[in-house]
Amino acid sequence: MMTVAEQKIVTRMPVVIFLSCVRNNAPQQSDHVVLKNTLSDNEKETLNEKKEELQKKYKDKCEQFHGFNIMQSNFSQDYVREACAALENSKKTNKPRKTQLAAFLCLLNAYVPGSYLLESQCLDFLRHEDYDDLSLEDQMQPFSHLIITFQEDGRAEKKVRMAHTMIAQYCTELLAKAGVTRSDTTRNFVNSFCRYEIPLWLLGFVKEMLTKREMKKEVDPTEGRDVKEEKPLFSKLILDMREQIQT
């Protein structure tokens with residue numbers, strides 16, 4: 001807004017602001033703002049005050065405001081670990097469908113932040129358990145607090161995702177250690193949700209999860225300290241699958 005005022009831009013129509021995003025390992029320059037998972041002192045103070053306000057208004061419900069709590073705790077892994085405790089006793093075999101669905105959502109959100117499933121898809125998947133009269137939240141107990149249902153407008157279908165990407169990532173790792181491997185979860189997810197005509201939005205999520213390669217920073221041995229960035233041969237999901245097999 002200050003820049004708009006300084007340049008005397010007349011805003012009789014919408015103003016578009018382009019944000020120049022810089023990788024966090026890029027050389028620091030005075031005109032670059034690098035976003036990190038670390039709070040400043042002012043942010044900590046503000047969020048602590050906000051938490052007190054929420055506790056007065058919502059009481060114990062605040063314990064399940066995971067997105068806010070993760071940020072307020074300075075992105076604490078300890079908080080994430082405690083929040084995900086309900087999945088610690090997961091087993092490789094005889095998994096109820098609610099555990100399978102939680103694993104699908106974890107995998108999807110861990111590798112494609114912002115992805116989701118439709119509530120109707122989730123209910124269809126759980127319907128085999130003969131709990132048609134229960135809401136999705138009730139059917140997903142005891143870890144329904146890790147999942148949120150939201151609606152972007154009154155006409156759109158309700159969407160379902162994990163409460164936070166850090167929760168999705170930790171739960172995926174937790175399930176993998178329990179023997180619920182990423183490869184098994186991926187195969188079961190594709191067989192359950194992609195067997196017939198697949199919506200384009202879901203196809204995009206699956207394609208990104210399986211094929212998107214992220215730039216990787218490496219030290220070039222021929223150049224000493226110089227750093228080069230290269231794309232790996234496979235997506236992060238495939239690389240994590242391979243690493244789990246090797247270990």
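Biologist: I would like to learn how to read a strand pairing, so which residue in β3 stands opposite Leu 117?

Modeller: Leu 117 stands opposite Val 160 in β3, and please keep in mind throughout that this is a predicted model. The general idea is that in a regular strand the side chains alternate between the two faces of the sheet. In the present case, β1 and β3 run antiparallel and are joined by two bridges.

Biologist: In what order do the strands of the open sheet lie, and which strands stand at the edges?

Modeller: The sheet is open and has three strands in the order β1-β3-β2, with antiparallel pairing. The edge positions belong to β1 (117-118) and β2 (147-150), and because each has a single partner strand, one side of each is left without a neighbour in the sheet. Between β2 and β3 (residues 159-162) the pairing is antiparallel and extends over four bridges, and Phe 150 stands opposite Lys 159 in β3.

Biologist: Turning to helices, at what angle do α5 and α6 pack, and how far apart are their axes?

Modeller: Two packed helices are described by the angle between their axes and by the distance between the axes. Here α5 and α6 (residues 119-126) pack at an angle of about 145 degrees, and their axes are 9 Å apart, while the crossing of the two helices is right-handed.

Biologist: Which residues of α5 meet which residues of α6?

Modeller: From α5 come Arg 97, Lys 98, Gln 100, Leu 101 and Phe 104, and these meet Cys 122, Phe 125 and Leu 126 in α6. Sorted by class, this contact has five nonpolar, one polar and two charged residues.

Biologist: What is the volume of the second largest pocket, and which residues of its lining lie nearest its centre?

Modeller: The second largest pocket has a volume of about 350 Å³. Of the 15 residues that line this pocket, Gln 64, Glu 137, Ser 144, His 145 and Ile 147 lie nearest its centre. Two or more lining residues are given by each of α7 (136-139) and β2, and the largest share, three residues, comes from β2. By class, six residues of the lining are nonpolar, five are polar and four are charged.

Biologist: Finally, the backbone: which two residues are joined by a cis peptide bond, and where does Asn 74 lie?

Modeller: The cis peptide bond joins Gln 141 and Pro 142, with omega at about 10 degrees, and Pro 142 is found in the loop between α7 and β2. Asn 74 lies in the loop between α3 (66-72) and α4 (77-83), and its phi is near 60 degrees, a positive value in a residue other than glycine.

Note on methods: Residues numbered from 1 in each chain as written. Predicted model: local features only at pLDDT ≥ 70, side-chain atom pairs only at ≥ 80, totals over all residues. Heavy atoms only, no water. Axes fitted to C-alpha atoms, helices over the stretch in contact; angles between N-to-C directions. Left-handed = near helix turned anticlockwise from the far one by under 90°. Contact = heavy atoms within 4.5 Å. Nonpolar A, V, L, I, M, F, W, Y, C, P; charged D, E, K, R; others polar. Pairing = 2+ DSSP bridges. 1 Å grid on protein atoms, 1.4 Å probe; cavity = no way out; pocket = protein on both sides within 12 Å on 5 of 7 lines; lining within 4 Å. Points joined across faces, edges and corners; volume = space filled by probe spheres on them.
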